[in-house]
Structure formats: C-alpha cells, structure tokens
Amino acid sequence: MSSDRTTIAATAATTTIAATAASAASAASAASAASAATAAPRHRLLPGLLAALLLACAALLGTGAPARADATPATTATGESIAAALKTSPVYVDPAFAAAVTPAQQQQIAEQIAATGLPIKVVLVPLQQGDAFGGRAKGLSAVVQERLGQSPLIMITSDDYGSWLNGYEWPSDTHQVRDSANAVSLLKELKDAGLAAKVGRAIELISTGKGTEVYKAEAARVDREYSARPHTDDTAGAPGSSSSSTGLFALAAVLVLALVIGAALVARSRRRPRHTAFTFPDAVFAADRAADEAGLRRQAADEVLALGTLLDGADGSTTPGLGRALDAYDAAGRVLDAADGLPDLAGVLALAAEGRAALATEPRLPLCFFDPRHGTAARRTTWRPLGRRERVDVAVCEDCAQALKARRSPQVLAVRDQGRTVPYFEVPADRSLWAATGYGSLLSGPDDTLAARVATGAFTRTTNRRRPTDPED
C-alpha cells in the first residue's frame, strides 16, 4: 500500500477505534490483518503485540467517531422510513451512529442547514451487504432520493465503511457537493474530528461554494507531501499511530513501545518488495459503488450479441480486421461465461469494443481506462497518480479528462481485493488481466490485444472452460 493510502487509512482507524466494544473488535481485526501483511511468518508475536498496544492506547484516548460499518449491526431502516423521517428533520442518524452524532449535534446540523437556505439532507446509516441498499452509499442516496421525490436535492451520507462522507446532488452537481465531501476527508484540521464536525464542515463548503477550491488545494498538498517522500520501494510509510499526542504521561511508555515495534515492522516490510499498481487514496475514491451487476451483465451480453451481428454482415475480402474481430468476439463470450463480478463484466465490454475497433476503417481508442463503463475514450493523456512519481499514458473519456485537468479524481472502477476496496488497477497485474492491461490502455503494441491475452490464458477463469454454446457442449 502506498504511503498516502497508509496515512489516510491510519487516520480513519485512529478516529474509529474503541467507540464501542464492537468497534474495538473491528480495530483488533484490522490491526491483525495489517500486521500479517508485513511480518515474517516466524515473528507472529510482534504484530499481535503491536495491535494490542494500539488498541489499549485507543481505548484510553476514546473518540466519538462511529464504528466501521463492517463492525456495526446492519441498519433496519428502509428508504421509505428514512424519507419519512427527513420530512420532519433534514438530519437522519441511525441509532448505530447515535454516539458519534448526538441529538444536540443533530439539532446544530439542522440549524446550520436551515441557515444555508439549500435543500440539504444528511443521512448517516451503517451499510452492509444484504441491507436495503445493497451495502452501497450511492444505492442509499438513490433510494432515499426516489422515496423523497425531491429535486433539487443535496444529500450528504456516510460512505460504504462509515469513516468518510459522500456527497450527491440532483439534478446536477452545481454546488460542488462531491468535492466538498471529498475535501473534508483530506483536511488536516479534521483528521481527528468526529463525524458531526465533518458533516458541519461539508455543509459549510457547500454553502460557500468553495468545495472544489478546497479539494484542489488539499489534493495538491497531499501530492506535494507524499511525492517529496523517498520511495525506495512502494511500501514506505509509518503507521499513523505514531502521530498521536495526548499529554497523558500514563500513555507515554505505551506509545513509545508501540512506535519501536511499529518501526521494526515497517523496516521488515521494506525488505520484502511487493507489487503495487497505480494507487488512489481511500479518501478520494469516486467509483460508482452502486453499479448494478445484473444490469451490467445484461449490457455485456447485449454488446457481445451486437458484435456477433456485425460479424455476420462482414466481408472478409473488404475487412482486414475480421480475424481480430472474430478473436475478440470469441474472447468476449468466454469471459462473459466465466465473469465473476464487475471487473470481468467490464472486461467483456472492453473486448466487444476491441472487436468493433477491428472492424472499423479508422483507428479507435479503447474504453476509458478509469472505468470502461464510461464508454469509448475521447483522447489519450499522461497521468501521474496522486502521490506517485511515475507517469503512464492512458485513454480517458471526456469527463475523466476534465476531472484530471481540474486536479479532481476521476470516477474509478473500484473492486474488493483481499479485504480492502481499491481501484481495479491497484490489484497486482499478475492476478488481474484488467489491471495489467488497463482494459486496453496499457497494451504494448498493435499485436498485443485483450483477445490474444485471453486466448493464451491470461484470464485464468477461462483457461479450462468451454462456452456453453460450443458444439461439443
């Protein structure tokens, strides 16, 4: 994990540990997972000791932040019940977050909203897979907005994990709501603030129209600070717990010991190089987390069928790329049959686009690097990930190009990988065809195609499978 991700994630952990017994258990689990990734097998006691020490510090310090969503009981609220509550107050706080945002704080937020004169609603709900919103913040916002039947509308919600904020606006983001929510996640003065303070700051940025300005400034600061750090490998960065300062002498010895052990673990991790791809900080993820997998599967199937129709009418004598188009069609069908989640289904879209490009008379760019669901790229651009030095040439859609130009984070296809949510391109390339190729943006030349890589087994789920429509099936 890159240093910028480590610092931001550590900050979130510091503000969420030990609010309740459930949140302490979540922190212990997170610490154990982190230590397991950095400690050598023969030294399993050190990570456990570090986790225990950090837990003790957090329990003594205490915070008002909510537990992580994965450690909090799933909400029983529905879109209808939340919408009904919002008709009497612009702030809805699930009982699970009651300790983080007290009734008095809720009233203060409601008064702050009234003073803005804007149609702002705040919905703070713990999210889990299987709840009424599919465990997704965007699903929550969409359902509640539909139940309210209100537009214009500005909505601030907790994110999928309960640590940050998301911002949405209908019919369009004219008040810089998304940037305001993202900016709050980066502001230094809010590093140790509770959820109520973060919501209040987001409302302030929305009302003053400075969300984008502050977000750009903070993103630039993060970029400068972490680009300036030495990067002998991609695992540099010390745990955020080392920044804790309390003035309580009783904690001094515990903190020093935790620092010593933490430094030993980081030093050990530096001796163990590992692959990391281009990274984004957690705080600026802007992926469409509410994507409908079933809908994308239908879209992917339609794309394959449409490509097949084009191939039926193609003449090999006048279509030089027919062979490549047929290869892309076959590969798209195989990937569709074996697809396991959004990244693979997006791969089907990319393969179908590759097939159409092979049939076209003019060169075509692949689908958008950041998220193939954005459609065919409008241009290629050189992109340097936030906090990194290397640059890469990628194909981007117009919206993503404008976001990069404005120093904002493009909407990124995010995936779950080994227990964490990351951009798809952060998955090690040896475990993901899509990370290795950027859905076509990172191919090495005209003879390097997605279809060819699928045919040679780079998409491992198709290696030993045949399409159900094949004659032998």
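Buried here means under 20% relative accessible area, while exposed means over 50% and partly exposed covers what lies in between, with a 1.4 Å probe and protein chains only.

Residues are numbered from 1 along each chain as its sequence is written, and side-chain values use heavy atoms, with hydrogens and water left out.

Let me start with the overall picture. The protein chain has 16 helices and 8 strands, where helices (H or I, at least four residues) and strands (E, at least two) are DSSP runs, numbered from the N terminus. Of its 473 residues, 49% count as buried. If we take contact to mean heavy atoms within 4.5 Å, then among the contacts in the protein chain with a separation of 6 or more, 68% are between residues 24 or more positions apart.

How far can we trust the model? pLDDT is the predictor's confidence in each residue, from 0 to 100, and its mean over the protein chain is 74, with 66% of the residues reaching 70 or more. Over residues 1-47, however, the pLDDT is below 50, even though this stretch has 93 contacts in the model beyond near neighbours in sequence. Residues 265-291 also stay under 50, and for them the model has 91 contacts beyond four places in sequence. Where pLDDT is low, the predicted coordinates should not be read in detail.

Which residues touch the most other members of the largest nonpolar core? They are Leu351, Phe370, Tyr424 and Trp434, in a core of 44 residues. Two or more residues each come from helix H11 (293-312), helix H12 (322-338), helix H13 (342-359), strand E6 (392-396), helix H14 (398-405), helix H15 (433-437) and helix H16 (450-455). The largest share, 8 residues, is given by H13. To see one member in its setting, look at Tyr424, which, leaving aside neighbours within four places in sequence, is in contact with Phe369, Phe370, Leu413, Ala414, Val415, Trp434, Ala435, Gly438 and Tyr439. Apart from this core lies another, of 33 residues, including Leu124, Ala181, Ala202 and Ala219.

Next, the charged pairs. A salt bridge is a side-chain nitrogen of Lys or Arg within 4 Å of a carboxyl oxygen of Asp or Glu, and a search of the whole structure finds 11 of them. In one of these, the side chains of Arg324 and Asp447 meet at 2.9 Å, N to O. Because Arg324 lies in helix H12 and Asp447 in the loop between H15 and H16, the pair ties together parts that are 123 residues apart in sequence. Arg324 is partly exposed at 42% relative accessibility, whereas Asp447 is exposed at 65%.

In another salt bridge, the closest N and O atoms of Asp330 and Arg334 are 3.0 Å apart. These two residues are 4 apart in helix H12, which means that about one helical turn separates them. A further salt bridge joins Asp448 and Arg453 (2.7 Å, N to O), and here Asp448 is buried at 14%, while Arg453 is partly exposed at 23%.

Finally, the cysteines. How many disulfides does the structure hold? The count is 0, a disulfide being a pair of cysteine sulfur atoms within 2.5 Å. For Cys368 the nearest cysteine sulfur, that of Cys400, is 3.7 Å away, and Cys368 is buried, with a relative accessible area of 0%. For Cys397 the nearest cysteine sulfur is also that of Cys400, at 3.6 Å, and Cys397 is buried at 6%.

Key. This is a predicted model: local features need pLDDT of at least 70, side-chain atom pairs count only at pLDDT 80 or more; totals for chains, interfaces and linings use all residues. A nonpolar core is a set of buried Ala, Val, Leu, Ile, Met, Phe, Trp, Tyr and Cys residues joined through side-chain atoms within 4.5 Å.
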